[in-house]
Amino acid sequence: MKPLKIVAKKITFIAILLVWKTTAFAQQQLLDSLKNNFDEYRSSCLVEKVYLHTDRESYLTGESVWFKAYVTDGSFHKPVDISKVLYVELLNSSSLPVLQTKISLENGKGNGSVYLPATIQSGNYVLRAYTNWMKNFSGDYFFQKAIAVVNTFKRVEVENTVTTKKPDVQFFPEGGNLVDGISATVAFRVVSSSGVGLVFQGALLNQQNDTVVVFRPHKFGIGSFRFRPQADQQYTAVITDDLGNVTTHPFVSVLDNGYTLQMMDSADRASIHLSASGKDDVIFLFIHARNSIAFAQYQMLVNGKAEVVIPEEVWYDGVNHITVFNHELKPVCERLYFKMPKKTMQLKVATDNHQYVTRRRVKAEIVATATQSANVSVSVYRTDSLYDQKNHLLHY
């Protein structure tokens with residue numbers, strides 16, 4: 001009988017091993033199909049990005065807004081020579097165009113200007129630029145830049161009415177969901193009706209009007225807090241600004257079952273903690289930036305939890321999208337991760353003299369710290385002007 005028992009045990013072990021290999025093969029096939037679908041979309045969908053380098057950010061009527069345009073591939077940030085015309089508009093506070101022009105593009109570059117007539121009012125305007133191809137996508141992809149225009153021939157009418165509108169309060173659970181009994185990080189943003197971040201004190205109340213969390217912003221009305229939500233509670237946020245005005249706002253609803261994503265970041269790596277209160281035993285973690293895959297892996301859940309460690313070198317510079325898919329390849333969680341770009345070209349400018357008289361030619365030499373080719377644009381402005389020197393291409 002003993003040899004039969006040994007044979008039975010071997011058969012059982014082989015059967016378990018075959019089931020495990022079959023399951024792993026099936027999960028890998030699903031992951032490969034996800035990557036292939038993403039690659040097919042990237043190869044068939046070109047996204048253009050536009051940047052305008054203007055000479056200044058504040059103007060008087062009668063002056064011209066001079067600019068140089070750069071059109072790049074949204075995935076690799078390299079010049080793209082597809083669109084030949086760039087449309088430039090100046091929008092007023094009602095998002096209506098008051099000035100429009102178009103310039104020609106060659107190898108993803110072009111330059112032009114917009115004349116500011118004395119007929120437009122003083123105020124803050126938005127300089128918008130886009131190509132005809134970019135109309136196929138959301139207007140959020142259009143280039144936009146705020147500029148100020150002062151008309152010295154028209155008196156500025158100041159409204160005396162004081163409005164006390166409720167602030168705009170937004171809450172963003174990490175990963176997108178709040179699930180019953182799972183601790184989560186919730187980011188918030190509180191701005192006034194004019195879009196300025198508020199200084200305030202906030203409190204999260206449950207149905208019994210008990211204070212669950214007290215929170216304050218770090219800066220610009222932005223911050224975050226952690227708490228453990230309960231599905232049988234309906235929460236309300238109470239905001240008290242620095243003037244003593246108190247307003248109440250609805251909070252994010254809590255799901256009975258679902259998925260959560262939490263990220264822990266350190267100097268050399270980042271760990272992603274995943275939780276699922278449903279019946280899934282596997283999830284698919286997908287990370288991409290600018291339509292390029294950075295990381296893709298399926299992960300088995302143990303007691304509804306899993307942890308994935310992402311090395312620092314995996315992340316792309318800039319904004320990375322972290323998406324979690326369930327066993328049906330449906331997205332269930334998502335958040336963004338920003339990696340500060342390190343590879344930047346430093347330029348040095350040297351002039352032939354330190355002082356100049358009117359109409360004297362200025363000879364400038366531009367030197368790059370790295371040995372690589374570049375196409376640059378230069379703006380000259382008064383140091384006592386309102387020009388923001390930090391608002392450049394890399395910042396945008």
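Modeller: Quick ground rules: the model is predicted, so local features need pLDDT of at least 70 and side-chain atom pairs count only at pLDDT 80 or more, while totals for chains, interfaces and linings use all residues. Residues are numbered from 1 along each chain as its sequence is written, and side-chain values use heavy atoms, with hydrogens and water left out.

Biologist: How many aromatic pairs are there?

Modeller: Rings of Phe, Tyr and Trp (its six-membered ring) pair if their centres lie within 6.5 Å; planes under 30 degrees apart are stacked, over 60 edge-to-face, and the rest tilted. By this rule the count comes to 21 aromatic pairs.

Biologist: Tyr51 and Phe143 form an aromatic pair, but of which kind?

Modeller: Their ring centres are 5.5 Å apart and the planes sit at 80°. Tyr51 is in strand 1 (residues 48–54) and Phe143 in strand 8 (residues 143–150), so the pair ties together parts 92 residues apart in sequence; strands are DSSP runs of E, at least two residues, numbered from the N terminus. The kind is edge-to-face.

Biologist: Is Phe143 buried or exposed?

Modeller: Buried means under 20% relative accessible area, exposed over 50%, partly exposed in between (1.4 Å probe, protein chains only). Phe143 has 0% relative accessibility, so the label is buried.

Biologist: What kind of pair do Phe286 and Phe325 make?

Modeller: Phe286 lies in strand 18 (residues 282–289) and Phe325 in strand 21 (residues 318–325), so this pair ties together parts 39 residues apart in sequence. With centres 6.3 Å apart and planes at 80°, the pair is therefore edge-to-face.

Biologist: Which backbone oxygen does the side chain of Ser75 reach?

Modeller: Ser75 sits in the loop between strand 3 (64–73) and strand 4 (85–91). At a relative accessible area of 9%, Ser75 is buried. Its side chain gets to 3.0 Å from the backbone oxygen of Arg290.

Biologist: Which residue lies over the face of Tyr87?

Modeller: A charge sits over a ring if NZ of Lys or CZ of Arg is within 6 Å of the ring centre and within 35 degrees of the ring normal. At 5.3 Å from the ring centre of Tyr87, the residue is Lys135.

Biologist: And Val378, buried or exposed?

Modeller: Val378 is in the segment after strand 24 (364–368). With 61% relative accessibility, Val378 counts as exposed.

Conventions. Helices (H or I, at least four residues) and strands (E, at least two) are DSSP runs, numbered from the N terminus. A polar contact is a pair of N or O atoms within 3.5 Å; within protein, one must be able to donate a hydrogen and the other to accept it, and residues adjacent in sequence count only if both atoms are side-chain atoms.
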